[in-house]
Amino acid sequence: YLLERSRVIKPAQNERSYHAFYQLLAGAEPQERARLRLHATEQFQVLARTGCTHISGIDDAGNFAQTMQAMDTLGIDHATRAQALQLLSAVLHLGNLSFESADGDGTALQSAANCSAVAAIAEMLLLPGDDLVAALTTQSVRGQHGEVAFTKNNRLREAHTTRDSLMKHLYSSLFSWLVGRCRDSITMR
């Protein structure tokens, strides 16, 4: 349950996804929100579609402050913490991407909302937006010696699967890194 990866992309109806998303959105300072291009919880599709973005009696902003304090206790410096929050933000923005069928046999990210999400994701992951779009909408088929034999367009379903896999992988990697930091901190004491 702690890392049921499908909860990143498909939380159950009337349940929330991982608490870290809600904490970030409620507790990040205005300057941090701007840097991470964060909006209201309801504007992130992966969170809004469950119908449960807030829980009475849960202080997401206060819990975010406690989480940041715990990261300090673990010896996680400000720059590393900022990178972790960038990954968390990238996952949220990835959930806002919607693909469209393109001419022929492929997919595209053409809407203004997609352009904004791509720009945010690329910034958070420190990579060119064109490379991100290509990674989500195409596949490179490799030859016997590892060279790219040809590139083919992803179909709509493949593009969604690629996006969802990337979201799950990023969140899982961040979670595993954090667990490792906790373990290292405990063994060093």
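Is Y171 buried or exposed? In this predicted model, Y171 is buried, with a relative accessible area of 7%, where buried denotes under 20% relative accessible area, exposed over 50% and partly exposed in between (1.4 Å probe, protein chains only). Y171 belongs to helix α9 (residues 156–188); helices are DSSP runs of H or I with at least four residues, numbered from the N terminus. Between Y171 and D59 the separation is 112 residues in sequence and 22 Å in space, C-alpha to C-alpha.

Residues are numbered from 1 along each chain as its sequence is written. Because the model is predicted, local features need pLDDT of at least 70 and side-chain atom pairs count only at pLDDT 80 or more, whereas totals for chains, interfaces and linings use all residues; side-chain values use heavy atoms, without hydrogens and water.

Helices α6 (residues 78–94) and α7 (residues 112–125) have axes that come within 9 Å and cross at roughly 155°. This crossing makes α6 roughly antiparallel to α7, a term applied to angles over 145 degrees. The contact (heavy atoms within 4.5 Å) involves Q86, L87, S89, A90, H93 and L94 of α6, together with A117, A120, I121, E123, M124 and L125 of α7. Eight of the contact residues are nonpolar, three polar and one charged, with Ala, Val, Leu, Ile, Met, Phe, Trp, Tyr, Cys and Pro counted as nonpolar, Asp, Glu, Lys and Arg as charged, and the others, Gly among them, as polar.

In helix α8 (residues 129–137), the buried residues are L132, L136 and T137. Viewed down the axis of α8, these residues fall within an arc of 110° and so line one face of the helix, the arc being that of the directions from the helix axis to the C-beta atoms.

Technical notes: Helix = DSSP H or I, 4+ residues; strand = E, 2+ residues; numbered from the N terminus. Axes fitted to C-alpha atoms, helices over the stretch in contact; angles between N-to-C directions. Parallel < 35°, antiparallel > 145°, perpendicular 65-115°, else oblique.
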